[in-house]
Amino acid sequence: MKKLLVLSLSVMLFSLTVLAQGKPKNVVLLIGDGMGLAQIYAGMVANGNKLQLERCKNVGFVKTYSASHFTTDSGAGGTALACGVKTKNGMIGMNADSMAVHSILELAEKNSLATGIVSACAVTHATPASFIAHVNNRNMYEEIATDYLKTDIDVFVGGGRKYFEERADNRNLIDELKAKNYQVAYTIDDVKAIKSGKLAGLLYEDQNPAMPERGKMLPDATMAAIEILDNNKKGFFLMVEGSQIDWASHDNDGAQIVKEMLDFDETVGRVLDYAQKHGNTLVIITADHETGGLTFPTGNIKAGTFDAAFTTKGHTGIPVPVFAFGPGADKFGGFIENISIKAKIEKLLRL
Ligand code: MG
Ligand code: ZN
């Protein structure tokens, strides 16, 4: 009894010390692909002049240029956030000299934290791939799928099932995942039913559908992942991608940007609710780059409408915002390089 009391007291003291130092136990990094200030504001204006994102009081700006280009792609942009190195456009999880670099997810996993990826596109697409794969071309989807088997990632949910089972090398990675004790889910309801253990959620053959066809896949899968990862006493790292803000921006489609933005913001809100309740989770929200060169010459706040003007069908080199909430959030202010985000998370999680 006495021993137990001493033990629980020391656990309490340890948790108090951790909180006092402003160090998080868990980190959730949410990436809105192509989400510049204008995409955020489009969602805000259309949503009655408010977003969940506004609950974050720490805001900064992120420079997104890559090693090869003023304007990054999602491969180099994702790799900068995941691995902390500037690399050439099109590359995944490698530096500009084609050397593989460990991602923050892989570092967390090595340090016995639980890890996860949730994506509103195929899990083999550039942004999620940057956290787990090492290839010199982002279109090597089958090789990227293979890299999921080389880690002990606890949870991954998104599309891209065909890259796991209809492969040129005839390997069936679904069977290999099952042999590694993964529970494989093909629907969001199956994902939500799994509360512990390892989970591979491959919900679509290729890319996830756009909003509103996708339903609550992104927020629901994110919270299902957190419920599983939360079982790990040492903490967890989770990356969540709102993938299709970028695609709607490539299409120069303001109405679709709003739909994708509000889906991402709902996900942000639910993660912030979790972080607020538990007090030990750092939530970081940023983008890999802006897409579309979007701006609004006119609009109407009361009516929730805007006139969208785009300057390109591609990406732009303009810096993107970063928002942070929870212990360590104050480290994400100011004008920062995209590669510094990984280093900050690494330090805060003591990896
Ligand atoms: Mg992406
Ligand atoms: Zn893009």
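**Figure 1. Helix α3 in the predicted model.** Helix α3 (residues 74-83) is largely enclosed by the rest of the structure, because 10 of its 10 residues are buried. The model shown here and in the views that follow is predicted. The buried residues of α3 are S74, G75, A76, G77, G78, T79, A80, L81, A82 and C83. They pack against β1, β8 and β12 (315-316) among the strands, and against α4 (104-110), α5 and α13 (340-348) among the helices. Within α13, the buried residues are S340, I341, K342, I345 and L348.

**Figure 2. The magnesium site.** Three protein donors lie 2.0 to 2.2 Å from the magnesium ion (ligand 1): D33 (OD), T127 (OG1) and E241 (OE). Along the chain, these donors follow the spacing D-x93-T-x113-E. T127 belongs to helix α5 (residues 126-129) and E241 to strand β7 (residues 236-242); this pair is 114 residues apart and links distant parts of the chain. Both T127 and E241 are buried.

**Figure 3. The open sheet of 10 strands.** The strand order is β5-β6-β4-β3-β7-β1-β8-β13-β2-β14, and the pairing is mixed. The edges are formed by β5 (182-185) and β14 (334-337), each of which pairs on one side only. From one strand to the next, the twist averages 15 degrees. One parallel pair consists of β4 (residues 155-159) and β6 (residues 198-204), joined over five bridges. In this pair, V155 stands opposite L199 in β6.

**Figure 4. Strand β8 and its two partners.** β8 pairs with β1 in the parallel sense over six bridges, and with β13 in the antiparallel sense over three bridges. V283 takes part in both pairings: V283 is the bridge partner of V28, and V283 also stands opposite F325 in β13.

**Figure 5. Helices α10 and α12 against the sheet.** Helix α10 (residues 217-229) lies across β1 (26-32), β3 (114-122), β4, β6 and β7, and runs at about 170 degrees to β3. Helix α12 (residues 254-278) also packs on the sheet, where it touches β1, β7, β8 (281-286) and β13 (320-325). The direction of α12 makes about 170 degrees with that of β1.

**Figure 6. The packing of α10 on α12.** The axes of the two helices are 8 Å apart, and the helices pack at an angle of about 25 degrees. This angle makes α10 roughly parallel to α12, because angles under 35 degrees count as roughly parallel. The crossing of α10 past α12 is right-handed. On the α10 side, the contact involves L218, P219, D220, T222, M223 and I226. These residues meet D263, F264, E266, T267, R270, V271 and Y274 in α12.

**Figure 7. The surroundings of T305.** T305 lies in strand β11 (residues 305-309). With a relative accessible area of 40%, T305 is partly exposed. Not counting residues up to four places away in sequence, T305 touches V45, G299 and N300. The C-alpha atoms of T305 and F264 are separated by 19 Å, and these two residues are 41 residues apart along the chain.

Figure 8. Most residues other than glycine have a negative phi, and most peptide bonds are trans. M211 and P212 are joined by a cis peptide bond with an omega of about 5 degrees; P212 is found in the loop between β6 and α10. N181, although not a glycine, has a positive phi of about 70 degrees. N181 is placed in the loop between α8 (173-179) and β5, and counts as exposed at 62% relative accessibility. R350, which is likewise not a glycine, has a positive phi of about 55 degrees. R350 lies in the segment after α13, and counts as partly exposed at 45% relative accessibility.

Notes:
Residues numbered from 1 in each chain as written. Chains lettered and ligands numbered in written order. Predicted model: local features only at pLDDT ≥ 70, side-chain atom pairs only at ≥ 80, totals over all residues. Heavy atoms only, no water. Donors = N, O, S within 2.8 Å, 3.2 Å for Na, K, Ca; no water. Helix = DSSP H or I, 4+ residues; strand = E, 2+ residues; numbered from the N terminus. Buried < 20%, exposed > 50% of the residue type's maximum accessible area, 1.4 Å probe, protein only. Pairing = 2+ DSSP bridges. Axes fitted to C-alpha atoms, helices over the stretch in contact; angles between N-to-C directions. Contact = heavy atoms within 4.5 Å. Parallel < 35°, antiparallel > 145°, perpendicular 65-115°, else oblique. Left-handed = near helix turned anticlockwise from the far one by under 90°.
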